[in-house]
Structures are given as C-alpha cells and as structure tokens.
Amino acid sequence: MKTDASASEVGMSEKPIRLMLIDDDEEDYLLTRDLLEGIADIEIELDWLADADRAVDVICDGGCDLYLVDYSLGRIDGLAVIREALARGASAPMILLTGLDERAIDLDAMRAGAADFLEKWRLNPTLLERSIRYSLQEKQHAEELERRVQERTTELARANSALQAQVAERVRAEEALRTADRRKDEYLSTLAHELRNPLVPIRNALEIMRLAGSDPAVFEPSRAMIERQVKHLIRLIDDLMVVARISRGMIKLKYESSSAERLTATAVENLQPFLTKRRHDFQVDLAEGLPPLRVDSERLVQVLYNLLHNAAKYTQPGGRIRLGVEPEGDGVLFRVRDDGPGIPRDMLQAVFEIFFQVKRPDDDGVASGLGVGLWLVKRIVELHGGRVEARSGADERGSEFLAWIPATPPDAEE
Ligand SMILES: Nc1ncnc2c1ncn2[C@@H]1O[C@H](COP(=O)(O)OP(=O)(O)OP(=O)(O)O)[C@@H](O)[C@H]1O
Ligand SMILES: [Mg+2]
C-alpha cells in the first residue's frame, strides 16, 4: 500500500500515518474512509471523532499526526476548533474540510492556521493524498526551522556570555592596573622618604665631626653612625636593584652546594645586631636529617634575612621569634613565627605583592621599609622551584611565614 520514497519524504519512516477525522456526520466518515483506501502510496490509519465538543481536547492531547476537521460541526464550526487548538499549543497540522464552496472560508481557514482547505465535493484520493503529504512536509520544515533557530539562539547566548566574561576580565585588568599605578605613586613618596631618612643623621654626624676636630671620643661614634646609615642605604638600593633585575627577568641563580644549617647561621649572624637591639627572645630550631641543598646561597640568605628582619621589625621589643628548619618532602621547610601584631586575614596573600604594606594606625616609625622584602622572598623561592605562604599565628596572635625549597631545584644544572 506504500512506497518507501514517499514515506520518507514526509518523514514517517516505517510507521503508518495516524489521521483523525473530526466530523459529526457518519456519511462523511465512510466517504473519507473510502477515499483513503484509494491512496496507494502512503499507509494511513484513520480515527474518527464525532463529538465536536471534545475536538479541541483530543487534538491537544496529540495522539495523531494529522487532523481533518469538518467546517460545520453543529454548534461550533471547524475554524473555531482549529484556532482554539492552535492557541492551546497543538502542533499537528489540521486540514479544514467543507461541503460549501466559499472562497471566504478558504481565506479564513488560512488565517486561522489550517494547513490546507479542501472542498469535499471535489475530493479524490490523489488530491487528498497530496494535501496530507504537503501538510506533513510543511510541519517537518517548520520544526527543522525551529530547531535551527533554537541552535542559533543557543550559540548566540554562548557567544554573548563569552563576550561578557571578556568584558568583565578587561574591567578587572583595568582595575588591577589602576591599583598598581596608585601603589606606584604612593611608593614614590615612600621611596623618597626612605632614601632621605639616613641622610639626616649622616649630615649631623659630619657636622659634629667638623666641630669636634680630631677628638677621638666624638669622632669614633660619629664615624660608626655614618657607617651604619650608609650600610642601610646600600641595602635599600641593593634591594631595589634586585627588584629591577628580577622584574625584567634578568636574574640568573648561581647554584652551589650548601646546607640549611649554613644558610640559617649566615642570615642570623647578619641580623644579630638588630635582634639584640630590639631585645627579642629569639631561637632557632634545627631538626635532624636536613638534606644537603643545591641553591643560590646568597639569595636564600636574603630570603631568610627578610623574613627574620620583618619578624624583628614588626614585633614589639622583647617579643618572641622562632625560626624552625625541618625536612619536608624533597626539600626543606623554613618557618618564621613571631608574636607581633599579625597580618589581617584578607591581606595574607597581598603582603607578597610588590610595594604592599599593611597600614597600621599605631605605626611607631620603626617599621619603615619599601614594601619589597616579601615580594623578593616569593620570587627568589619560586625561582628555586619552591613555595611561600603567610599564615596567622596560633590563637590569631602574631604571624607565621613558611618557605619551602626543594633540595635540588628542577632547573639546577650539574
Ligand atoms: N612578621 C610580620 N608581622 C606583621 N606584619 C608583617 C610581617 N611581615 C610583613 N608584614 C607586613 O607586610 C608588609 C610587606 O612586607 P615587606 O617585607 O614586603 O615590606 P616592608 O617590610 O614594609 O619593607 P622592606 O622592603 O624593607 O622589607 C609590611 O609592610 C608589613 O605590613
Ligand atoms: Mg620587610
């Protein structure tokens, strides 16, 4: 009764087409059934609904592929059924059948959304078959179009959210630039201060020396003071030069054999005068079994020095400072703890940013600096393939800085 070609064209594959006639006249049903039997190319199963009052509900339930709706259904007309069914979301095509020959109905049917309009007295199997085929085909096209529109809408939505993410990213980047710029401005004034500060005592000492002539009792303390201040200036400027070289990627580590014990001893020795001056309770805890290290000793001493110097600088005189050194994984973990003012939780990461300084209302002026010490610590440790971390001390008191370095950095040449 059917051929595959015409079946696949209307997309019905193997399944017969389920068609429902909505007509209160049994004569018409029999007539339609005979007509459908005359169709050779497609297999059609015919259902019949005589009760016009249920028509809209039945169509909306959607059990059939296609509906033939009679124009005159007693109290209501077929056009109203089609309109109502479409308004309630029916998706199967509906063909309007009429016994009348009226062009006005044809146009109304089209406006109401009928898939086709057929006059009963002209119907024959060929005409009916063609109308069914076209109606189903058109529905398929409409669905295909809908699917493509949906796809395109999804694509657009995706592109749109990607674009929004880009915009947000750019806004963030601009904000970061502005912050960096602001910090640089603040930094310039800090820098000027820090560089000028040692010059005042130096000038005073020179003046004293000029007045005192060669009296050694006055001369020697002044000379010692100048020497201290010059050393401090040199350290500041050295730090800045290292910062500049690391920033431009121009630093190359000089690896050599060393040990955690030796690095610790050198850093502590360099800092001893400051620790003594601040009367801190300072202790080093060296664990057993520390592995030998292959590192840039000078830079790592600077790392330990910067961490200890911060602890000593920011902790009130007489404070407690501990340096722990222990083996961990394939390397060594250095741990500097103090019981000073600590670092606010939301700044534990930021302290490693360049020029970052925690602003404290009770700053006593001892805690001066350039805000580059921890940045250098992080960069040098990371150049060695290690990691740093800042934590709040136990019971929210003081702070703790951890620096882990591998015994042999990944890029150390033999
Ligand atoms: N042990 C610590 N206790 C409390 N605050 C600290 C401690 N170490 C660092 N900080 C805070 O982190 C900030 C950044 O430290 P960093 O060492 O980078 O700069 P700095 O000490 O201000 O200057 P410098 O460049 O001379 O080291 C400090 O200004 C300080 O506010
Ligand atoms: Mg510092």
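## Briefing on a predicted chain and its ligand

Arg 88 forms a salt bridge with Asp 57, with 2.9 Å between the closest N and O atoms, where a salt bridge is a side-chain nitrogen of Lys or Arg within 4 Å of a carboxyl oxygen of Asp or Glu. The pair links distant parts of the chain, since Arg 88 is in the loop between α4 (78–87) and β6 (94–98) and Asp 57 is in helix α3 (residues 55–61), 31 residues apart. This is a predicted model, in which local features need pLDDT of at least 70 and side-chain atom pairs count only at pLDDT 80 or more, while totals for chains, interfaces and linings use all residues. Residues are numbered from 1 along each chain as its sequence is written, and side-chain values use heavy atoms, with hydrogens and water left out.

**Overall form**

- The chain has 11 helices and 14 strands, taken as DSSP runs numbered from the N terminus (helices H or I, at least four residues; strands E, at least two).
- The C-alpha trace spans about 140 × 45 × 40 Å along the principal axes of the chain.
- The radius of gyration is 45 Å, whereas a compact globule of 414 residues would have one near 22 Å, by a rule over C-alpha atoms of 2.2 Å times the number of residues to the power 0.38.

**Charge pairs and surface**

- By the salt-bridge rule, the count comes to 28.
- Leu 163, Val 167 and Val 171 make a nonpolar surface patch of about 270 Å², a patch being built from residues with over 30% relative accessible area and no salt bridge, with nonpolar side chains (Val, Leu, Ile, Met, Phe, Trp, Tyr) joined within 5 Å and like charges within 9 Å.
- Val 171 has its place in helix α6 (residues 125–196).

**Surroundings of ligand 1**

- Ligand 1 is surrounded by 20 residues, the closest being Asn 310, Tyr 314, Gln 357, Val 372 and Leu 374, where near means a heavy atom within 4 Å.
- Oxygen atoms of ligand 1 lie 2.9 Å from a backbone N or O atom of Gly 371, 3.0 Å from a polar backbone atom of Gly 373 and 2.8 Å from a backbone N or O atom of Leu 374, a polar contact being a pair of N or O atoms within 3.5 Å.
- Taken alone, ligand 1 exposes 590 Å², of which the protein buries 98%, with areas from the Shrake-Rupley method and a 1.4 Å probe.
- The elements giving two or more residues to the shell are α10 (297–314), α11 (373–383) and β14 (399–406), and α10 supplies the largest share, four residues.

How values were computed: Chains are lettered from A and ligands numbered from 1 in the order in which they are written. A polar contact is a pair of N or O atoms within 3.5 Å; within protein, one must be able to donate a hydrogen and the other to accept it, and residues adjacent in sequence count only if both atoms are side-chain atoms.
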